[in-house]
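Good morning, and thank you for coming. Please look at the structure on the screen while I go through a few of its features.

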Protein chains: 2
Amino acid sequence: MSAKILSGRPIAEAIKNEVASEVEQLKSDFGVTPGLAVVRVGEDPASAVYVGNKVRTSEQLGLLSEHHHFTDSISHAELLKVVQGLNQRADIDGILVQLPLPSQIVEQEIIESVDPAKDVDGFHPINVGRLTLGIPGLLPCTPAGVVEMLKRSGIAIAGKRAVIVGRSNIVGKPLSLLLLREDATVTICHSRTQDLPSVTRKADILVAAIGRPGYITAEHIGEGAIVIDVGINSVSDPEIVTKCFEGEELEKRISAVETRGSTLIGDVNPRDAAKIAGYVTPVPGGIGLLTVAMLMKNTLQAAKARRGIVRQEAQTI
Amino acid sequence: MSAKILSGRPIAEAIKNEVASEVEQLKSDFGVTPGLAVVRVGEDPASAVYVGNKVRTSEQLGLLSEHHHFTDSISHAELLKVVQGLNQRADIDGILVQLPLPSQIVEQEIIESVDPAKDVDGFHPINVGRLTLGIPGLLPCTPAGVVEMLKRSGIAIAGKRAVIVGRSNIVGKPLSLLLLREDATVTICHSRTQDLPSVTRKADILVAAIGRPGYITAEHIGEGAIVIDVGINSVSDPEIVTKCFEGEELEKRISAVETRGSTLIGDVNPRDAAKIAGYVTPVPGGIGLLTVAMLMKNTLQAAKARRGIVRQEAQTI
């Protein structure tokens with residue numbers, strides 16, 4: 001048996017198309033263009049790639065898109081002032097401060113300085129609280145993307161046993177609350193979990209979000225499980241690559257390491273998952289693509305809520 | 001084998017004694033008396049009992065204690081004004097609005113109107129968000145009481161499999177996050193969980209918070225499990241009572257139903273738990289007592305934080 005690949009590409013495209021058409025409608029019906037401001041500090045290469053993706057995508061979808069870039073010498077007070085300025089601007093609906101921030105910045109204070117109504121990352125404690133309580137609010141993009149992936153792939157969540165490996169504030173914890181809201185029976189595992197394979201093998205839906213390349217192997221995966229790989233790890237060690245792939249894909253990956261210095265591997269060993277799981281998301285090309293798409297959806301949602309355009313579809317169609 | 005009873009009484013007393021001695025110290029060292037205002041609407045008899053307990057206990061511990069009682073004809077706007085008035089008072093550190101509220105009141109709006117710094121119930125979304133994120137804040141009393149019960153009984157939580165039955169906003173969800181913070185592997189079950197006994201039997205720590213008398217029976221409990229019963233149900237049906245008790249206790253309970261019309265039973269069948277579990281909390285006399293004790297602790301904590309008295313022990317001893 002060979003697991004079915006749950007590609008993120010068609011689902012991300014569908015979401016982006018929906019956003020683009022709603023943005024167009026907002027412009028024509030209300031003269032409103034949703035605006036996203038992305039704030040980046042310093043020269044972290046991964047951050048540059050992520051921010052580039054977000055800015056480019058928002059432009060493609062017809063959003064007003066701004067990229068505010070500062071050198072890593074910016075002070076905490078200066079960055080705070082930048083965010084406060086964006087909070088006050090009527091034309092900006094979403095503010096995203098790309099993490100991590102340099103050490104002189106108190107990250108949590110910056111996160112909490114973003115107007116919760118413009119917090120398209122869903123990181124502000126009040127939005128996290130709303131998520132926990134089941135009150136409408138802006139949801140963090142990656143966990144929301146996982147749920148969207150499952151739903152749009154026709155995978156029922158209600159009543160399923162979902163096991164999440166990893167308890168981070170940006171993936172594991174919020175995702176556990178979202179899957180609970182969808183009526184899954186949810187278990188969160190982490191570094192202190194005893195006999196991890198015995199827990200994960202019971203999962204109907206297994207989510208890996210730990211940041212360790214290929215950590216989830218054959219012993220962790222139950223026959224036919226739906227495996228969602230949230231990890232995106234840059235790997236340059238050929239030994240890890242050899243454990244994760246075989247055949248043609250292995251050759252491609254080894255050649256990538258040789259020519260570009262590294263290749264992207266998720267938290268799940270894809271070779272093992274392909275043999276045991278029922279479904280598996282690829283890396284790259286899986287959940288990562290959903291994260292950006294959900295950010296666009298959040299910006300649209302924030303724009304409609306802020307500007308009082310509720311149930312716009314019902315009004316105009 | 002017979003399960004050890006984890007009585008709430010000595011633990012609640014210990015917590016209250018600690019609070020009382022700290023309150024005395026705050027008075028003598030800083031001239032500060034922590035103040036708790038309890039707001040009650042209408043004539044719900046259970047609410048009257050709960051509020052009575054809270055007011056009496058806070059008086060016993062030396063807190064400034066206020067009981068604001070309104071008839072159930074109070075309007076939403078009027079109740080909002082009451083809370084806003086308490087928010088502004090410098091001598092009030094904790095505000096507790098007893099739930100449920102009558103139907104003309106938008107409960108969530110009242111909860112969100114309480115100053116988060118005075119939110120000793122831990123119900124404000126920003127405090128819920130902080131709890132989820134692991135940032136210091138005021139914790140909801142019942143889940144915090146469960147953790148306190150385990151810790152003060154010398155029960156290690158780290159690495160244990162904790163299974164919570166019930167996903168309410170006041171117990172199940174916040175408790176799952178607290179036990180996760182204590183390094184348990186946490187599973188939340190609910191009405192949509194399939195084959196509940198197969199999940200709960202795996203629990204080292206089993207928490208019942210569903211509001212159904214005696215629902216958790218022999219088939220749900222693993223040999224030697226630590227069983228925490230959060231339910232408090234008023235039962236008048238002798239058939240349920242007969243299923244839950246035997247011998248002398250059964251006679252006592254049946255006589256209570258006959259003379260007072262009802263008896264309190266938790267979500268766990270105590271007869272079954274006594275035979276299979278390693279530890280079990282009683283109802284009454286278990287977690288319920290901890291809830292009030294933790295409210296007192298929260299009021300003290302809010303007073304110290306609001307008045308800038310941090311690490312008071314380190315300064316004065």
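At what angle do α1(B) and α6(B) pack, and how far apart are their axes? This is a predicted model, and everything I say today is computed from it. In that model, the two helices pack at an angle of about 100 degrees, and their axes are 10 Å apart. Angles from 65 to 115 degrees count as roughly perpendicular, and α1(B) and α6(B) are therefore roughly perpendicular to each other. On the side of α1(B), the contact is made by Gly8(B), Ile11(B), Ala14(B) and Ile15(B); on the side of α6(B), by Glu148(B), Met149(B) and Arg152(B). Sorted by class, the residues of this contact are four nonpolar, one polar and two charged.

Let us stay with helix α1 of chain B. It runs over residues 8–30, which makes 23 residues. From its first C-alpha to its last it reaches 32 Å, close to the 33 Å expected at 1.5 Å a residue. Several of its residues are buried, among them Ala12(B), Val19(B), Glu22(B), Val23(B) and Leu26(B). What covers the buried residues includes α6 (141–152) and α12 (287–306) of chain B. Just after the helix, Gly31(B) takes a positive phi of about 65 degrees.

Is Pro213(B) buried or exposed? Pro213(B) lies in the loop between β7 (205–208) and β8 (226–229) of chain B. A residue counts as buried if 20 or more other C-beta atoms lie within 10 Å of its own. Pro213(B) has 23 within that distance, so it is buried. Leaving aside residues up to four places away in sequence, Pro213(B) touches Asn233(B), Val235(B), Ile240(B) and Ile265(B). Pro213(B) and Cys244(B) are 31 residues apart in sequence, and their C-alpha atoms are 8.9 Å apart in space.

Finally, I turn to the two chains together. How is chain A superposed on chain B? A rotation of 180 degrees with 0.0 Å of shift along its axis does so, with an RMSD of 0.0 Å. That is the relation of a two-fold axis. The contact takes 25 residues from chain A and 25 residues from chain B. On the side of chain A, α5 (125–133), α7 (172–181) and β6 (185–189) each supply at least two residues. The largest share, seven residues, comes from α5(A). By class, this side has eleven nonpolar, nine polar and five charged residues. Of the interface residues of chain A, 100% are also interface residues in chain B, so the copies meet through the same surface.

Technical notes:
Residues numbered from 1 in each chain as written. Chains lettered and ligands numbered in written order. Predicted model: local features only at pLDDT ≥ 70, side-chain atom pairs only at ≥ 80, totals over all residues. Helix = DSSP H or I, 4+ residues; strand = E, 2+ residues; numbered from the N terminus. Expected span 1.5 Å × (residues − 1). Buried ≥ 20, exposed ≤ 12 C-beta atoms within 10 Å, placed from the backbone. Contact = placed C-beta atoms within 7 Å. Least-squares fit on C-alpha atoms with pLDDT ≥ 70 in both. Axes fitted to C-alpha atoms, helices over the stretch in contact; angles between N-to-C directions. Parallel < 35°, antiparallel > 145°, perpendicular 65-115°, else oblique. Nonpolar A, V, L, I, M, F, W, Y, C, P; charged D, E, K, R; others polar.
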